[in-house]
Amino acid sequence: MSEKLLSEKNFDVAIVGGGAAGCACAIMLSRRGKRVVVFEGGARVLTKLAATGNGRCNASNADISPAHYNAPEFVAPALGAFGAEQTRAFFASLGVALRETDGRIYPYGNNSGCVVNAFVAALGECEVRVSARVTALERREGGWSISASQDGKTRVYGAADVVFACGSNATSGLDSLSLMTALGIARTDCVPAIAPLPCAAFKGASGVRAYAEGTLLADGKPVAKRRGEVLMRDDAVSGMLAMELSSAYARLMRRGARSFELKLDFAPDFGDDEVKAYLAASPVRDARGALIAFVPRALGEKLAALAGIRADASKDDCLDALCVALRPTVKPSGMPRLKQAQVVCGGLDLDGFDPETMMSKKDRGLYAIGEALDVDGDCGGYNLQWAWASAAACARSIGGEG
Ligand SMILES: Cc1cc2nc3c(=O)[nH]c(=O)nc-3n(C[C@H](O)[C@H](O)[C@H](O)COP(=O)(O)OP(=O)(O)OC[C@H]3O[C@@H](n4cnc5c(N)ncnc54)[C@H](O)[C@@H]3O)c2cc1C
């Protein structure tokens, strides 16, 4: 049984959640002279940040346009004030150099650990409480009470302003939005995004990688097109191409789209005549094997089987059918898996927040930033950029222009 204690400690700002957005906001506010406490439910701050970009931390993108987000109008003011240039300056102020590759911005050392270490050092002026899970937020005179459970005890802290930065339940499964809904703040339904697309069409070719162009159709209409690596799984199409298309999939699924198709083209740089020329020139005689011109053998077998090409067919008898086999249409269906998702599409309802400041429209001094809000960006550094930009908007509102 936990015991309730009343802490004497009061702060200017209490930040709930020591992730990318919460820690960035804490640093920005302490630099403005605010006394800040950060509550982190996990044993360490910034655990998700450490895992980003396959351990490389894709921190931003050279093309930060609101069109890369589910809610362009809401994100525009914060991203206008704090885009890629401001992210570079913020990271420079932390002593972290950045590098751009194909528009994606990473720490120069290609390692998220550099970012985590710099953030932790810069948090030095803040009180950081780890393994301290916030269990309730209550309005009180002149500010807020924050109940946090640590070492089996619940302590109550005071702060003039509260910043809710609990992120989403993508991968962790921890959902703290109920702290805000208990205050009457609305939330939306969540669909996992930046995740493999559920689809069993390539069962048996799991682990095979190939290059393709993918066009996603929702209720018969093309909605997104990407090129890149696909990675086959027994129950999903994964790889960068699928992860990038999955944002559109999740957003449309949430808006009620009923059926999806994924048109894959495994020879997108070649017309049918060129494809046939390669197949005809191949020394491999069997139809299924000849597809190694464009895809690994295990995938070629699968594609040919999907197109109804017999295992004993000779390639010369079915050049047209092999062209069709290389450009299949499959049907993703169902919810992407939360455990494999980088973000969720959904969160605190944006109608309840001011896009200039991230403050709740009904509760003065209560803010929400980062992924806790119903904001999700495309794959490519857009979600971390939102963490920095929303943190900066909140810090300007609480602490003034810094
Ligand atoms: C594997 C993976 C790779 C990714 N790669 C990239 C990438 O390269 N580029 C990119 O832009 N985005 C990437 N993302 C997405 C990005 O990490 C998130 O959008 C970003 O971390 C969101 O920041 P946040 O601070 O809002 O939430 P989080 O970073 O999730 O932080 C929220 C914190 O709040 C804590 N918390 C929750 N509830 C409570 C509570 N009640 N009390 C106290 N603490 C609480 C959590 O423990 C957590 O530490 C990736 C995500 C994953 C999972």
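The C-alpha centres of domain 1 and domain 2 are 39 Å apart in this predicted model. Domain 1 covers 3-191 + 342-399 and domain 2 covers 197-330, with bounds that come from an automatic or database domain assignment. Between them, 8 residues of domain 1 are in contact with 7 residues of domain 2, where contact requires C-beta atoms, placed from the backbone, within 7 Å.

Two groups of residues can be listed by class.

The ligand has 38 residues around it, of which Gly-17, Gly-19, Gly-53, Gly-167 and Gly-370 come nearest; a residue counts if its C-beta atom, placed from the backbone, lies within 6 Å of the molecule. Two or more shell residues come from each of α1 (20-30), α2 (47-55), β7 (133-140) and α12 (382-399). The most come from α2, with 6 residues.

The chain as a whole has 12 helices and 18 strands, taken as DSSP runs numbered from the N terminus (helices H or I, at least four residues; strands E, at least two). Its C-alpha trace spans about 85 × 40 × 40 Å along the principal axes.

Residues are numbered from 1 along each chain as its sequence is written. Local features need pLDDT of at least 70, side-chain atom pairs count only at pLDDT 80 or more, and totals for chains, interfaces and linings use all residues.

Key: Two residues are in contact if their C-beta atoms, placed from the backbone, lie within 7 Å.
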